[in-house]
Structures are given as structure tokens and as C-alpha cells.
Amino acid sequence: MSINIKVYKEIIKELKEKNVQLVAVSKTKPVEDIKQLYDLGQRDFGENYVQELVDKQPKLPNDIRWHFIGHLQSNKVKFIIPFVHLIHGVDSLKLLKEINKQATKHHREVDCLLQVHIAEEETKFGFDEETLMAINSSELNELGNIRVRGLMGMASFSEDENKVRTEYKNLKALFDKFSQLQTTNHKPQTLSMGMSGDYKIAIEEGSTMVRVGSLIFGERNYNMPM
Ligand SMILES: *Cc1c(COP(=O)(O)O)cnc(C)c1O
């Protein structure tokens, strides 16, 4: 298996024109594939599983910016804090506090995105709108070692383009409200939305960062030994 270089170059070109960042999602893919993409200039990579990320990170170049995009459990925060670049899926204040605690221990300031539940599907994680908007700056300012950089969301896994578009539109509207919250530490300006199947729609609706995996790395086989 190897990466799809042609598709990668097309995506990069398209995103550059639109000033959108690419996180290449490498979950389940071997370090050789990541290295191949790295050699083409890619530096931002996304992983979903703590153990997998912790295994891969020391085997790859130090200037890779690792994005944690999966569902993060509080008891696993400590394993990624020493090196993680951006945590996309923060879905509770409790988790934010744990990240702050571990970041303090490691003398780091860690960038986070808050995940918002925008899909109809119950299976997806994230804050609902009310809870998100209730978070206030004094609460956040107590967390001196994290920086809230913006929001992340996942649309429904659906063939219905209008449904996906509406969900992204709603997230963008929420982001515009949320990003008025500006404090010394927290300057939300990143909106992480869009995956292989829907990144074009997400960009049309205002995404600033897309997370693309299978288009670049090929389909995932979850039974493959990592
Ligand atoms: C796996 C994953 C992606 C990438 O999915 P593709 O459809 O392969 O592009 C993006 N975001 C999250 C949160 C993921 O878990």
C-alpha cells in the first residue's frame, strides 16, 4: 500500500488557494506511508488513538505537528501532552481541566479545539450549543496552560449533501458567535471541519482546517497489524 501522491498534490493546491490547512489523517497507516507524505512536505498529521500515536511519534521526524483528533479519555491525556500540537476533540470542561493539569506539569501551553455535536447521529461526541455558549472567559482564564483555538465538528455520515451542508452551516454560525470570546490566552480562529467525503462542502461553508485521511492514504483496514 502506498499513498496517493497525485490526489495529495491536487488537494494541497486547492487548499492553498483557499487558505485552508490540511491535517493528513494517518490512523491505522504505517509509519512508512507517513514518512512518504512527510517527504512531500506535509507536516500536520492527525491520529485518533492514543496508543497508536504514542507508538508512531518516536519513529518519525521531530518537526511533525501531531493533531489528536479522536475521542480523548481523561486518563490518557498524560501520554500525549509532552508532544501533541493540537487536540481537536475536547468535549467537556472536565477534559479541558485535565489537559490543563498535565500541560502545567510538562510546562507546556497546549492548543485545543472544542468539539461541537452538530450531527443528528447520537454516536458522535461534543458539546451542545447551549453548554458551549455557557462557557465563559473567567472559567477559561483559570486554565492558564491551555489555549482554546477554535471549534471542531463532524457532520452526519450521509449521502445527503444538503444535510451535511446544513450541519456545517450551523457550526460556522456557532463558531462566529463563539470566536467573539477573546481573552489573553484564548483566541479562537480555527474551525476544523471536513473529511475525505465532505471537505469541499466544509470549505464552502467556512472551514479553516480539514482532516483528510482515506483520500490520501487509501481506505483503512482496521484488521491490519499496526
Ligand atoms: C478518521 C477521521 C477523519 C478522516 O476520515 P477520512 O474519511 O478518511 O478522511 C477525520 N476526522 C476524524 C475525527 C476522524 O476520526
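This is a predicted model: local features need pLDDT of at least 70, side-chain atom pairs count only at pLDDT 80 or more; totals for chains, interfaces and linings use all residues.
**View 1**
Ser196 contributes a side-chain N or O atom 2.5 Å from an oxygen atom of the ligand. Ser214 takes part through its backbone, with an N or O atom 2.8 Å from a ligand oxygen. Taken alone, the ligand exposes 390 Å², and the protein buries 91% of that area.

**View 1. The ligand and its shell of residues.**
The ligand sits in the largest pocket. Around the ligand are 13 residues. Lys27, Asn48, Ser196, Ser214 and Arg220 come nearest. By class, the shell has six nonpolar residues, four polar ones and three charged ones.

**View 2. Asn19, a residue with positive phi in a loop.**
Asn19 is in the loop that runs between α1 (5-18) and β1 (21-25). Its phi is positive, about 60 degrees, although Asn19 is not a glycine. Most residues other than glycine have a negative phi. Is Asn19 buried or exposed? Its relative accessible area is 71%, and exposed means over 50%, so Asn19 counts as exposed.

Thr28 lies in the loop between β1 and α2 (31-39). Thr28 is not a glycine, yet its phi is positive, at about 70 degrees. Thr28 has 5% relative accessibility. Buried means under 20%, so Thr28 counts as buried.

Helix α3 spans residues 50-56 and includes Lys56. The relative accessible area of Lys56 is 6%, which is under the 20% limit, so this lysine is buried. Which side chain does Lys56 contact? A polar contact of 2.6 Å joins the Lys56 side chain to that of Glu52. Asp55 lies in helix α3 as well. Asp55 is partly exposed, at 39% relative accessibility. From Asp55 to Asn170 the separation is 115 residues in sequence. In space, their C-alpha atoms are 37 Å apart.

**View 3. Lys105 in helix α5.**
Lys105 belongs to helix α5, residues 93-105. With 55% relative accessibility, Lys105 passes the 50% limit and therefore counts as exposed.

Asp128 is found in the loop between β5 (110-116) and α6 (129-134). Its relative accessible area is 42%, so Asp128 falls between the 20% and 50% limits and is partly exposed. The Asp128 side chain makes a polar contact of 2.6 Å with the side chain of Thr131. Asp128 and Val116 are twelve residues apart in sequence. Their C-alpha atoms lie 6.1 Å apart.

Note on methods
Residues are numbered from 1 along each chain as its sequence is written. Side-chain values use heavy atoms; hydrogens and water are left out. A residue is near a molecule or strand if one of its heavy atoms lies within 4 Å of it. A polar contact is a pair of N or O atoms within 3.5 Å; within protein, one must be able to donate a hydrogen and the other to accept it, and residues adjacent in sequence count only if both atoms are side-chain atoms. Accessible areas come from the Shrake-Rupley method with a 1.4 Å probe; for residues, only the protein chains shown count as cover. On a 1 Å grid over the protein atoms alone, a cavity is a set of points where a 1.4 Å probe fits but cannot get out, and a pocket is an open set with protein on both sides within 12 Å along at least five of seven lines; lining residues have an atom within 4 Å of a point. A molecule sits in a cavity or pocket if more than half of its atoms lie within 2 Å of its grid points. Ala, Val, Leu, Ile, Met, Phe, Trp, Tyr, Cys and Pro count as nonpolar, Asp, Glu, Lys and Arg as charged, and the others, Gly among them, as polar. Helices (H or I, at least four residues) and strands (E, at least two) are DSSP runs, numbered from the N terminus. Buried means under 20% relative accessible area, exposed over 50%, partly exposed in between (1.4 Å probe, protein chains only).
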